[in-house]
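Visitor: I would like to learn how to read a protein structure. Where do we begin?

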Amino acid sequence: MSFNFEVPSALDHFQCLVGHDVAFPLLEAATSLAQEAVPELDVQDVLFQVDGLAERLRKTIPWGATAMQRHFMLNEFFYEKLGFAANANDFADPANSYMHHVLQTRRGIPISLAVLWMELAWGIGLKVDGISFPGHFLVKVRVDEGIIIQDPLTGRGLTQSMLSERLEPFREGWGLAEDDIAPLHMFLVPASGSEIIERMLRNLKSVYVQDDHKPLLLGVLNRLIILCPKDADNYRDRGLVLAQMGQRNDALRDLQTYVRMAQAPHDLTLIEARIEVLRAAR
């Protein structure tokens with residue numbers, strides 16, 4: 001008797017990964033985001049390489065080291081010995097969000113470097129969280145002496161005044177008057193694993209829109225819908241991409257879903273007109 005087993009697709013695998021509420025596999029989920037661009041990517045090999053780095057780091061930590069000492073040694077290992085830093089030459093390169101590429105080149109953007117840094121931090125028993133700060137992803141480290149907010153590009157600790165200064169460019173968009181105080185504490189709440197992956201996907205979405213790379217953009221939107229199935233805008237955006245790719249029936253279904261789900265959408269007239277065009281072309 002023979003059995004035929006269907007190999008799960010990359011999207012099936014992603015759906016399984018992000019379905020975890022407890023012990024969210026952040027590094028694995030983040031690494032899998034490159035699979036549309038690199039179908040042959042071995043995600044498990046990336047995890048194996050990072051495990052190797054974590055083991056190297058653990059061997060340098062003396063017994064009884066405090067959290068502050070471990071934090072210092074991790075930064076020395078990550079930024080000085082391994083040489084991780086910003087990809088200052090091309091911040092908009094989508095490869096900055098591909099974990100296997102960041103691991104190989106030692107160059108990335110704040111959120112991709114943060115994912116690797118946090119994985120190593122957890123491996124030496126540090127209590128760390130990602131912070132989805134406006135404009136620039138950060139990490140939070142809990143030590144006996146208090147809390148350290150760190151820039152994952154450099155390992156530099158940030159003071160309250162530095163953080164407040166980073167909020168200044170967003171003041172006008174929030175409708176704050178000149179004398180109003182930006183609510184700093186609201187932006188230092190730990191981000192969940194799914195929130196981190198969503199931010200990484202939205203970064204990639206922005207790059208693929210700019211590059212007009214529809215197949216890769218479609219892959220990102222497929223993942224966003226798996227991760228955030230109640231976000232109506234994702235269905236609209238995927239429907240518009242599918243329409244541009246000539247997949248009328250699928251596009252029609254997504255746009256109809258958007259109209260049904262969205263609460264008083266500002267673009268309702270435009271989307272309904274697009275739906276009528278797609279119906280007429282069937």
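Guide: We begin with pockets. A pocket is an open set of grid points with protein on both sides within 12 Å along at least five of seven lines. This model is predicted. Its second largest pocket has a volume of about 180 Å³.

Visitor: Which residues line the second largest pocket?

Guide: Among them are Ile131, Phe133, Met186, Phe187, Glu195 and Arg199. Strand E6 (190-191) and helix H8 each supply at least two residues of this lining. By class, the lining divides into 8 nonpolar, 2 polar and 2 charged residues.

Visitor: What volume does the largest pocket have?

Guide: Its volume is about 260 Å³. The lining has 17 residues, and Phe91, Ser97, Ile109, Pro110 and Asn203 lie nearest the centre. Helix H8 (193-211) and helix H6 each supply at least two lining residues. H8 gives the most, with 5. The classes here are 9 nonpolar, 6 polar and 2 charged.

Visitor: Now the core. Where do nonpolar side chains tend to be in soluble globular proteins?

Guide: They tend to be buried together. Here the largest nonpolar core holds 82 residues. Leu74, Phe78, Leu116, Trp117, Leu120 and Ile197 touch the most other members. Helix H6 (residues 110-123) gives the most to this core, with 9 residues. There is also a second, separate core of 10 residues, including Ile131, Phe133, Leu138 and Leu163.

Visitor: Which residues does Phe78 touch, leaving out those up to four places away in sequence?

Guide: Phe78 touches Gly83, Phe84, Leu113, Leu116, Trp117 and Leu120.

Visitor: How many aromatic pairs are there?

Guide: The count comes to 3. To judge a pair, look at the ring centres and the angle between the planes. Planes over 60 degrees apart count as edge-to-face. Phe78 and Tyr79 have ring centres 4.9 Å apart and planes at 80°, so their pair is edge-to-face. Both Phe78 and Tyr79 are buried. Phe133 and Phe187 also form an edge-to-face pair, at 6.4 Å centre to centre and 75° between the planes.

Visitor: Which parts does the pair of Phe133 and Phe187 tie together?

Guide: Phe133 lies in the loop between strand E3 (127-131) and strand E4 (138-143). Phe187 lies in the loop between helix H7 (160-167) and E6, so the pair ties together parts that are 54 residues apart in sequence.

Visitor: Which residues form one aromatic cluster?

Guide: Phe78, Tyr79 and Phe84 do.

How values were computed. Residues numbered from 1 in each chain as written. Predicted model: local features only at pLDDT ≥ 70, side-chain atom pairs only at ≥ 80, totals over all residues. Heavy atoms only, no water. Core = buried A, V, L, I, M, F, W, Y, C linked by side-chain atoms within 4.5 Å. Buried < 20%, exposed > 50% of the residue type's maximum accessible area, 1.4 Å probe, protein only. Helix = DSSP H or I, 4+ residues; strand = E, 2+ residues; numbered from the N terminus. Contact = heavy atoms within 4.5 Å. 1 Å grid on protein atoms, 1.4 Å probe; cavity = no way out; pocket = protein on both sides within 12 Å on 5 of 7 lines; lining within 4 Å. Points joined across faces, edges and corners; volume = space filled by probe spheres on them. Nonpolar A, V, L, I, M, F, W, Y, C, P; charged D, E, K, R; others polar. Phe/Tyr/Trp six-rings, centres within 6.5 Å; stacked < 30°, edge-to-face > 60°.
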